[in-house]
Amino acid sequence: MGTHVCRKQMLRWMWRWSVCPVGMRRGHMAFSSTQEPHQLGFSETQAKEMHEGATKSRGKHVPSVLTALLLLGLNPSSILKIMQKCPEVYSLKGADLQQRIDHLRKMGLVEGSLQRMISHYPKVMLLPVKRVNMVSRLLREKCLFTIHQVTDILRDSPEVLEEDLAQLEYKFQYAYFRMGVRQPEMVKAKLFRLPLSELRCRHCFLERRGRYQTPDKKGQTLILNPPLKDVLCISEETYLTQVAMATAEEFHVFRKLVAREQEEEERENEYSSDEDGENKDDYEDDGLHRRKWNTGYKKDRK
């Protein structure tokens with residue numbers, strides 16, 4: 001499709017949205033039917049790409065979506081990248097998108113953090129408010145993070161919003177009980193960015209090499225454990241040379257062994273779940289999944 005036609009289409013979008021302008025006093029900008037796409041910041045090439053993406057996605061509310069993203073403070077280049085990463089955004093309703101953005105603000109994601117979060121992980125705009133609340137509630141009520149800590153987790157690790165809730169809680173329990181790490185250190189180390197399998201692999205490798213020890217009931221160890229951030233927030237090469245003091249070959253072999261152990265453990269858990277499926281007292285119900293965890297977490301919280 002020619003650039004001229006694309007520019008006309010962009011103008012029609014903006015015109016349809018501007019027939020019901022919202023006052024500037026409410027923090028909204030009104031678009032004039034005389035404005036060209038480049039006056040809004042979109043180049044002709046960007047206008048063409050936006051139109052093609054909207055056409056493929058059959059978006060019916062593109063003007064309101066563009067308006068919400070522009071009002072959020074995102075520039076045209078960032079908006080185009082967001083649409084390329086997550087074309088499903090084209091199909092959103094502007095009102096739904098604005099509701100989700102407003103809800104994230106209420107959760108403490110201030111300007112700057114909110115824009116970075118959406119640019120990095122645009123799929124967050126597809127998640128219903130109910131889902132965000134479920135994850136937030138689990139982190140606060142079952143993992144005992146503070147409201148501020150939950151905000152930091154969502155900002156730094158928005159992928160957590162799509163994670164299986166039972167797995168999410170288990171990842172916390174693993175770090176809390178097996179590694180003896182407390183909530184502030186988890187947040188600082190961005191625990192929830194790392195898959196559970198990688199967390200277990202790095203921790204167990206250190207443990208079996210005598211470089212990490214689970215604290216006793218008083219929180220004491222016979223050796224000095226490395227901080228969680230030095231286990232998780234570094235490259236594998238740095239982890240091996242500075243923390244594990246091991247070779248890549250040793251870690252590769254160990255990773256295979258751990259993967260095999262985990263497969264066997266999962267099979268045992270599935271068999272155990274089938275055997276004890278009627279015993280509801282042993283389960284945590286998150287509304288979506290039900291699974292048995294033998295970590296002593298409930299007992300410890302009393």
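1. Housekeeping comes first. The model is predicted, so to speak, by rule: local features need pLDDT of at least 70, side-chain atom pairs count only at pLDDT 80 or more, and totals for chains, interfaces and linings use all residues. Residues are numbered from 1 along each chain as its sequence is written, and side-chain values use heavy atoms, with hydrogens and water left out.2. Now the overall picture. The chain holds 15 helices and two strands; these are DSSP runs, with helices being H or I of at least four residues and strands E of at least two, numbered from the N terminus. Of the 302 residues, 42% are buried, meaning under 20% relative accessible area with a 1.4 Å probe and protein chains only (exposed is over 50%, partly exposed in between). The accessible surface comes to about 17,200 Å², and carbon and sulfur atoms own 50% of that; the areas come from the Shrake-Rupley method with a 1.4 Å probe.

2. Contacts are next (heavy atoms within 4.5 Å). Among those with a separation of 6 or more, 72% join residues 24 or more positions apart.

3. Leu 139 and Phe 145 touch the most other members of its 76 residues. Helix α9 gives the most to this core, with seven residues. Beyond its neighbours within four places in sequence, Leu 139 is in contact with residues including Val 150, Leu 168 and Phe 192.

4. Phe 145 and Phe 192 turn up again in one aromatic cluster, together with Phe 172, Tyr 176 and Phe 177. Arg 182 lies over the face of Tyr 176, 4.2 Å from the ring centre; the rule asks for NZ of Lys or CZ of Arg within 6 Å of the ring centre and within 35 degrees of the ring normal.

5. How many aromatic pairs are there? The count is seven, where rings of Phe, Tyr and Trp (its six-membered ring) pair if their centres lie within 6.5 Å, with planes under 30 degrees apart called stacked, over 60 edge-to-face and the rest tilted. Tyr 239 and Phe 251 make a tilted pair, because their centres are 5.5 Å apart and their planes are at 55°.

6. Finally, Ser 157 sits in the loop between α8 (147-156) and α9 (165-178). Ser 157 counts as buried because its relative accessibility is 2%. Apart from neighbours within four places in sequence, Ser 157 is in contact with Phe 192 and Arg 193.

Conventions
A nonpolar core is a set of buried Ala, Val, Leu, Ile, Met, Phe, Trp, Tyr and Cys residues joined through side-chain atoms within 4.5 Å.
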